[in-house]
Amino acid sequence: MSTQHDHGGSITQILGHKQFYTNKGTSSVMSQFPVRSRPSWQSFSSYGAEPDKGLLVTHVNQTQDLLRLQGKEAPVSNLLTSEEWLQHYSLESMKLTIDDLLSKGTITVNPDNKNLNHIQFYPSILDDFESSVCETIELYHNRMRWLMEGSRKMFGLLKGTRVGIVVDTSDGNCGFGRLQDFQRRLLCLIDEQLSYKKQLYLLSVNTDISAPWQCARDINVRILHEARQWVQQLQPGGGCNLLKAMKKVLQMKELDSLVVIIGSSLDQTPEILSDYIEQCLLGRSIPLHMVTYDCSNHLTHNASKKLAEISGGRYHYYSSVNEDQSYANSDLWLLLAESQKAVDVLNKIKELREGMISEILANRMQEISSEVAKIPPTHFLPRPPNHDGPLGIEMPEFQAKTSEDWLKKNSLKAKKLSLYQVLAPNAFSLIEEFVPVLQRTVSSTLHEKAMLQFEWHDGTVKHLHVDPPSLYDYQKKLSQMVKVYEKRVDWLSSSSRTIWGTVTEKRVILLVDLSVTNSMYIIHIQHSLRLVLEQQMANKELFNIIGFGSETEEWQPQMVPPTAENLQDAWKWILTLQCKGSRNVMAALKKAIEVHFEDRDHKESQGIYLFTSGVPDQEKHAVSSFIAEICGGCDLQVHICLFSIKDFDFNGTVPARYATPSETAIILKEISHSGNGRFHWFRETGIIESDDIDIILSEMEKAANYSQKCYLLLESLKERSGKHKGNKHCLEKDLKMLVQKSSPQKLLPPKPTALTLSRMNAKEDQTEKSNSAVKALTWRPNSGKATIPPVQPFKAWVQNAGEKEIKQKKQPKTSFSLFYVDTQSNVGMVYKTYPSKKSVRISIPFAALPKDEEICSTKEWMKKYGLKKLKLDLHRLVSGPLCSHKKNLVQSLNKKVSAKYCTIFPSVEVNGVVRHLHFQPKEIEEYMEQIQRVLKRYIQRMQWLLSGSRCLFGTVLEKKVCILLDTSGSMDPYMSNVKKELTSLIWEQLRTNCISFSLITFSESVAMWQDCLVEASDEACHDAVQWLARVRTHGNTCTLEAIQKAFEFENIQGIYLLTDGKPDTSCSLVLKEADNLLKGRKVKIHTISFNCSDSTANEFLKKLAAQTGGRYHHCHGDVDGHFAAYRMLKEGFSSEDDPVLPAFEGDDLKRLAEEIDKARHFLRQARSFRSLLLERQMKSDQV
């Protein structure tokens, strides 16, 4: 009783503390600080401040003395987090657990059964203990109410004495009327919490960062005043570049706590931010207090939680809309958990009062019995409400469709809402016709005010009459369609579709992954199956469920109709499932195909839904080829639903094959697409990737693009209308100028008279001997009977009509003989040599491409197989002599007129020069066929460069190399992956190509595997891999010492340097020393940037590689590159700009991507050229 009395007394004292009942409402504080800057002359008075009594303060210690003197010092418990507070007031510390209660009872023997003992308690003991627990629960509730008051409700309880505050001032957080409320709450935070700290640093972040001070300042009245003014002057702007802000604030070593307030989406991904913060916090303890302020974006919530977790800090979420979500913070979670423990103790006391507890319970509270130990861990997993109850079956109101089928009736093109469909009635092509009166071809004139030039989807330019009302109406319809698409996305993201996507087929089989790696997620798997059975299976014709691990287990031997009885029976079978074995996907697929879909060729609407968490036991190509074979020629699709789980413990059971989450997604996506299916990837927080949603989002992006083009058209029309305002007499002025410019025509020059034979010969002698005198006309026959002299050669006479001297083209060489005939002294002519016929047409060459990959750099490979080398440069093909566009001066018209063939051949602009398409449509199609062959070969080359060890290390070209591996402390999170890739490099490239090699690791010091270069034998490769497994990360980065050690190898040809940052020494020093080491030696240093976002470090690696003749490689964009290559190879090159290749930074991939983009550009131009030729051909056929 005395013990209980002490407890009661201590609790009464705790409840007597004022901090649990004081409510500093924020209304008065907010009303005293309107959101506007205070004039410099206005006197300043802080909240609740008393008049100055002569004690002026300028330092934080003096400020604390003044606050203590005035009785306003913050209580110590107010500065404690819930974790620290519970060290003094938890059930265990206050001795209020069930064990403490049992220790107060008396054990008695049951006279009826001596093996069964009872525990007896005095009623007063139970009453006092129960009263103390109730008071403790009230204590916890008071603490929680106190945490939900004032600034603590919006921003949580701030920890530390030297605090840095990072405030999100992006448009998303401070725009749309949110700024004033946000400023008022920040002012409340300064008054209630920051004023009790010792030092303060403020930083705002949007697209850029801004701070009122260069460093943390000691808190006094002046600093608090400046902080309030800074808050009142905050303005929104741009996005939220949190990475830039963290780079700034983490440099301040004097801070011991950092508060980050985020209210919008982040510019960087959580992975980038977490990796950077982990590196910066190595050897340093500064917890991040992450505050998600009134933001509904779940990605921002997840990012904040992750950053708080990796830094050992706390997370706080505030919502002005949903009050229940305001309890989602670290401090309240701990208190709620402790309060629940206290409620459990009260329930146990209630059971004691009812006599339901005995000695057996007391023993079980100390240790787990043997029966409980036999129960599997999955029995203790948390279960959703009514998990074991019967299904609540819902009949779908309509037959679900895939997004691809749904868009056939609801896409912008199907709804006739494509921008080009709307503008087509008012779009006019450029017309050129021959005007007989002018004797020339005239083009249609564009009226600048009435019509605009607009680029069409095929690359042509059309004259467009803009009708603003119709465009406004069109934009409204686009907005309505976007809302329809948003509803579709919301529907796809709700209920069981979040997990399975849309189950659209009529005959369905569910393949469920029951491998041992999913044992701790069996409840999730069962609940996922429950949802799909309840919501999407009732309207199917037939269905079945197959579970698979190492072996397969099917619910029914054949597919059955989804009646209510069958669905309930299937759910009972699901509740008995257990996880065991590996992940034998191939066996499950064979079971489904050979037993249930043996008549698949004669049925329609059949689907297999594979629900899995990892890659199959079999290789990807084996599974893909099998699925492609079974799905070919029939209406059968294989869809894959990937659910992400946390990484399992490698000390336990390891699956037959393992891949990272991103690699798993890539492999399973390719497998699903090989079976004409869809890919769906989700985790507990929501959908990560879905083919159904992606295609809807692309349609929404297209609508946004059309709306932007409409806006630009209307803006161009407004600008043009303003430009021509007031020019009423433009047409009359132009006509007067045309009349004034007309001039009388000049007479044609007379035709030259025919020359005699002697004059012709004399002229020829003059051309052959320009320096000799002109020979006299020496001989003329007196009669026709005289002998005729031998014939003389004659060169063509070029007429000079008195024009300006123009450089003449080289004439073809011809020769002919002249002679007199007997009648009337006429002259005859006979050709001796004819001009050679030289074709100026350029034929389309056949591109000779290699089948196997060559081990060389992309630069060398392009010298053999580049577009220029293959003579497939489209600009060169259309720049021949027959393709040139000319205008010559016509004296009669006194103007330059185009040639006649200008009306025959279409005109295009190539590099700013007008050219004629002197091609036939078949020739253009032949060119397109060749360029597509080249593009496919380029993409295959890119896939090869992105596969295997080449993705991380690039291609090893030399025969004698040394690999330098950075093992500094910053490489620790990634070293396991790097070791795996380096092992692949040793076996895939070094061993296969018989390359002599050695390995060097460097951190604070340099470690060598071998003292000389070793031939890549099986034994050497095994030894290298074992040595690599013992490597550990620590220390700094001594890059220069590693390079110097590598140059000590005799006859070395190439050095491959992999690092994630700058060296410890100066970058210029490393470059200078590398230049000195290269004197008299031909050694190339290839640099590899690994997970490095520092632009300075990447520039250093680029310079080092370029200086030594090596290549720079950056393993970035491999996933996007694989996906883009896969889409181009599968879908062809029908889309002009989609997919877009990632921005590669490595030399090999960057050069190859540029050549691919160039080839795609030529292909787009060739398509537009072909359409022009076909259009011209159709017009000529109609005429």
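## Salt bridges and their surroundings

Glu1048 is exposed, with a relative accessible area of 57%; exposed denotes over 50% relative accessible area, buried under 20%, and partly exposed the range in between, with a 1.4 Å probe and protein chains only. Glu1048 forms a salt bridge with Lys1045, the closest N and O atoms being 3.8 Å apart. A salt bridge is here a side-chain nitrogen of Lys or Arg within 4 Å of a carboxyl oxygen of Asp or Glu. Lys1045 is partly exposed, at 27% relative accessible area.

This is a predicted model, in which local features need pLDDT of at least 70 and side-chain atom pairs count only at pLDDT 80 or more, while totals for chains, interfaces and linings use all residues. Residues are numbered from 1 along each chain as its sequence is written, and side-chain values use heavy atoms, with hydrogens and water left out.

By the salt-bridge rule, the count comes to 28. Side chains of opposite charge can pair when their charged atoms come close. One of the pairs joins the side chains of Asp1018 and Arg991, at 2.7 Å from N to O. Asp1018 belongs to helix 34 and Arg991 to helix 33, so the pair ties together parts that are 27 residues apart in sequence. Asp1018 is partly exposed, with a relative accessible area of 35%, and Arg991 is also partly exposed, with 25%.

Glu338 is buried, at 10% relative accessible area, whereas Lys341 is partly exposed, at 47%. Elsewhere, Glu853, Arg937 and Arg941 are linked in a network of salt bridges.

## Overall composition

The protein has 39 helices and 34 strands. Helices (H or I, at least four residues) and strands (E, at least two) are DSSP runs, numbered from the N terminus. Of the 1183 residues in the protein, 44% are buried.

Among contacts with a separation of 6 or more, 76% are between residues 24 or more positions apart. Contact means heavy atoms within 4.5 Å.

## Buried polar residues

Gln989 lies in helix 33 (residues 975–991) and is buried, with a relative accessible area of 3%. The side chain of Gln989 makes a polar contact with the side chain of Ser949 at 2.9 Å. A polar contact is a pair of N or O atoms within 3.5 Å; within protein, one must be able to donate a hydrogen and the other to accept it, and residues adjacent in sequence count only if both atoms are side-chain atoms. A polar atom of the Gln989 side chain also lies 3.2 Å from the backbone oxygen of Gly954. Apart from neighbours within four places in sequence, Gln989 is in contact with residues including Arg950, Thr955, Val956, Ser984 and Ile995.

Thr1037 is located in the loop between helix 34 (1018–1029) and helix 35 (1039–1046). Thr1037 is buried, at 8% relative accessibility. Not counting residues up to four places away in sequence, Thr1037 touches Asp966, Ser968, Phe1002, Ser1003, Thr1059, Lys1062, Pro1063 and Asp1064.

## Cysteines

Cys641 is buried at 1% relative accessibility, and Cys856 is buried at 12%. With a disulfide taken as a pair of cysteine sulfur atoms within 2.5 Å, the count comes to zero disulfides.

## Loops and surface

Two residues other than glycine have positive phi values: for Asp294, phi is near 50°, and for Asn676, phi is near 55°. Asp294 occupies the loop between strand 8 (288–293) and helix 13 (298–311). Asn676 occupies the loop between helix 25 (661–674) and strand 20 (679–683).

Val437, Leu438 and Val442 make a nonpolar surface patch of about 270 Å². Patches are made of residues with over 30% relative accessible area and no salt bridge, like charges being joined within 9 Å and nonpolar side chains (Val, Leu, Ile, Met, Phe, Trp, Tyr) within 5 Å. Leu438 lies in the loop between strand 11 (432–435) and strand 12 (440–443) and is partly exposed, at 41% relative accessible area.

How values were computed:
Accessible areas come from the Shrake-Rupley method with a 1.4 Å probe; for residues, only the protein chains shown count as cover.
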